[in-house]
Amino acid sequence: MIAYIIRRIGGSIIVLIGISIITFALAYLVPANPARAIVGPHASEALVLKVEQQLGLNEPLPVRYIHYMENLVHGNLGTSYVLDQPVTTLIGQRVGATAQLAVTAWIAELLIGIPIGIISALYDRKALDHVVSILALVGISLPVFFVGLELMYWVGFKLDWLPVGGTGGFNFVILPALTYGITGAAYYARLLKSSMIDVMNSDYIRTARAKGASPNRVIFRHALRNAIIPVLTYGGIDIASLFGGVVVIEDVFGYSGIGQLTVQAINNLDVPVIMGTVLFAALFVVLFNLLVDVLYGIIDPRITYS
Amino acid sequence: MSTLLEVSGVTTSFKTANGFLPAIEDVSFTIKKGETLGIVGESGCGKSVTSLSIMQLLTANGKIERGSIRFNGRELVGLKDNEMRKVRGNDIAMIFQEPMTSLNPVHKIGRQIGESLRIHKGYGKAQARAKAIELLKLVGIPRAEEIVDEYPHRLSGGMRQRVMIAIAMACNPQLLIADEPTTALDVTIQAQILDLMRKLKAELDMSIMLITHDLGVVAEMCDRVVVMYAGKVVEQGNVKDIFRNPSHPYTVGLLSSIPRLEGRQERLSSIPGNVPSLELMPAGCRFASRCPHATQRCVTEEPSLLPVSGEHDARCWLMDEKGVAV
């Protein structure tokens with residue numbers, strides 16, 4: 001197991017290097033000049049050249065990449081062209097808010113999606129299944145910004161229970177997380193429903209019932225753990241992408257997280273920030289994938305690592 | 001011997017595209033204390049539905065429409081689920097055909113054996129584990145102290161069926177329903193499992209309802225036999241009577257399709273045709289279309305169980321004209 005994890009970490013580093021090369025190349029190959037973007041469309045050519053020199057943009061792309069990676073190894077992600085602050089600082093300021101939102105949003109999805117999945121599996125093709133399935137379908141079909149705005153209006157404004165937007169304590173996280181939960185839960189529900197139906201028809205569930213196990217015991221002790229694997233797979237990808245920032249939701253709620261930082265950086269062609277946020281997101285994708293693979297083995301003893 | 005289980009007039013139907021159709025109809029038999037009853041018949045004749053009706057473990061589209069199932073005199077049909085749960089795994093235990101898939105892959109063996117003890121007898125964790133080790137030893141599993149902490153996928157099919165038997169034995173049931181317990185196992189393992197069941201039956205003083213399509217197993221294990229065909233009991237009686245004097249043409253066909261080692265090697269005989277489907281049950285005798293002795297009466301009128309001798313009955317018009325040799 002330990003050997004497996006070490007091997008996987010080695011592989012992950014290679015993946016991250018690959019991503020850094022691709023992002024670096026793409027960011028600088030777009031037909032726009034970061035120096036021009038910084039000084040504005042009316043500045044003189046001379047000024048653009050000067051800025052290019054300052055930022056080291058006059059050097060060939062591979063040389064710049066090597067420089068970047070050298071700095072990266074020392075924990076330096078460069079300085080934002082626009083905000084004039086180290087990228088590590090910019091990310092550091094937002095990582096707490098993003099992590100809080102990501103985890104809460106993910107939990108909201110699970111709390112809505114898993115019960116719906118279980119109910120619709122147990123009442124497959126009966127009235128209750130249709131009701132919850134339609135609700136889930138509505139949730140999945142509504143645009144994120146619409147759900148966000150409705151929640152903002154009703155819960156934030158009319159009822160005045162929670163802040164309408166902004167960044168702060170946990171209160172500020174609830175509505176954006178709920179928005180994500182409502183719009184994302186249906187995927188979990190659908191995955192769990194189909195695997196739960198399979199599991200409930202399996203021989204070992206009949207064995208459990210033949211022992212006199214109660215319905216709750218059958219569902220939660222015997223079926224759920226066997227049915228949860230597909231949910232886990234999707235859950236890992238999902239939370240990793242949440243850590244990369246939830247662009248639309250952050251935008252709707254004026255929530256200052258990684259997503260907002262990324263969008264601003266892309267608009268301004270602020271390459272060091274783009275690189276930093278992309279690598280940050282990639283790091284989480286890689287980490288959560290590893291975590292999920294390890295969890296598979298814990299949940300299902302038939303899965304071994306070799 | 002007093003009666004342990006009395007099944008009378010049970011009809012169990014399943015919801016299909018054409019409405020509710022009976023998979024078993026008017027099934028009646030009894031199991032006495034300490035007795036092994038064999039239920040035989042080919043696939044689809046209703047053996048498993050009968051056992052699942054007794055356990056009330058039918059799938060959601062199935063229901064017992066009529067009849068009574070009395071266990072120790074107590075009516076089981078119509079019991080609330082929470083009452084029936086106290087019977088399952090405690091008074092009546094069941095083992096299944098597929099040992100490879102009948103154990104939960106994510107739980108340790110010990111936990112799966114101990115579960116019914118925790119449900120029915122209020123055992124604690126440690127107590128259940130200790131008893132699980134004891135049960136593993138009882139069913140002849142070597143290194144019981146290690147196996148108790150293993151997961152099912154580490155065991156062979158035969159070992160898993162032993163574990164299933166240990167699970168069934170945990171609460172010392174009065175009745176063990178074994179649904180084709182050896183069908184999925186190879187022949188040497190089959191013999192071991194049957195020996196084990198016989199030994200446990202004697203030691204623990206229980207009754208067994210053994211469902212099988214294998215008449216060899218019946219001859220070896222059972223005191224009495226119920227032969228089922230297309231959802232109905234077509235013949236029942238003592239093992240000796242059934243084997244010496246099979247009276248329903250279906251039973252005769254089953255017996256003659258057993259391969260024999262001694263004597264002239266001939267082509268193995270088989271019963272032509274198939275069990276009629278639920279949708280297309282004939283009005284008369286359900287076996288008529290495959291029966292070499294069928295008459296016009298068989299096609300139009302269904303016989304009831306007619307006495308052959310003593311406790312030996314057969315559902316065949318031939319019995320009406322006593323003494324007709326089949």
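Guide: Let us begin with Ala230(B), which is found in the loop between β9 (224–229) and β10 (232–238) of chain B. The model is a predicted one.

Visitor: Why is Ala230(B) called buried?

Guide: A residue counts as buried when its relative accessible area is under 20%. Ala230(B) has a relative accessible area of 3%, and therefore it is buried. Its backbone also deserves mention: phi of Ala230(B) is near 50 degrees, a positive value in a residue other than glycine.

Visitor: What makes Asp160(A) count as exposed?

Guide: The term exposed requires a relative accessible area over 50%. Asp160(A) has 59% relative accessibility, so it counts as exposed. Asp160(A) lies in the loop between α7 (144–158) and α8 (171–200) of chain A. Asp160(A) is not a glycine, yet its phi is positive, at about 60 degrees.

Visitor: Is Gln56(B) buried or exposed, and how do you know?

Guide: The relative accessible area of Gln56(B) is 18%; the cut-off for buried is under 20%, so Gln56(B) is buried. Its place is in the loop between α1 (47–55) and β4 (62–71) of chain B.

Visitor: Which residues does Gln56(B) touch, leaving aside those up to four places away in sequence?

Guide: With that exclusion, Gln56(B) touches Ile64(B), Leu76(B), Val77(B), Gly78(B), Leu79(B), Met84(B) and Arg88(B). As for Phe71(B), 15 residues from Gln56(B) along the chain, the two C-alpha atoms are separated by 13 Å.

Visitor: What makes α6(B) mostly covered?

Guide: Of the 13 residues of α6(B), 12 are buried. Among them are Arg160(B), Gln161(B) and Arg162(B), as well as Val163(B), Met164(B) and Ile165(B). The buried residues of this helix pack against α9 (203–210) of chain A. Within chain B, they pack against β6 (92–95), α3 (109–120), α4 (125–138), β7 (175–179) and α7 (187–204).

Visitor: How does the span of helix α6 of chain B compare with the expected one?

Guide: Helix α6 (residues 157–169) of chain B reaches 18 Å from its first C-alpha to its last, close to the 18 Å expected at 1.5 Å a residue.

Visitor: How many helices and strands does chain B have, and why is the chain called as compact as a globular protein of its length?

Guide: Chain B comprises 11 helices and 12 strands. Its radius of gyration is 21 Å, whereas the globule rule gives 20 Å for 326 residues; the two values are close, so chain B is as compact as a globular protein of that length. Its C-alpha atoms fill a box of roughly 65 × 50 × 40 Å along the principal axes.

Visitor: What fraction of chain B counts as buried?

Guide: The figure is 52% of the 326 residues. The accessible surface of chain B is about 14500 Å², and carbon and sulfur atoms account for 50% of it. Among contacts in chain B between residues at least 6 apart in sequence, 64% join residues at least 24 apart.

Terms used:
Residues numbered from 1 in each chain as written. Chains lettered and ligands numbered in written order. Predicted model: local features only at pLDDT ≥ 70, side-chain atom pairs only at ≥ 80, totals over all residues. Heavy atoms only, no water. Helix = DSSP H or I, 4+ residues; strand = E, 2+ residues; numbered from the N terminus. Rg over C-alpha atoms; globule rule 2.2 N^0.38 Å. Buried < 20%, exposed > 50% of the residue type's maximum accessible area, 1.4 Å probe, protein only. Contact = heavy atoms within 4.5 Å. Areas by Shrake-Rupley, 256 points an atom, 1.4 Å probe, with all protein chains shown as cover. Expected span 1.5 Å × (residues − 1).
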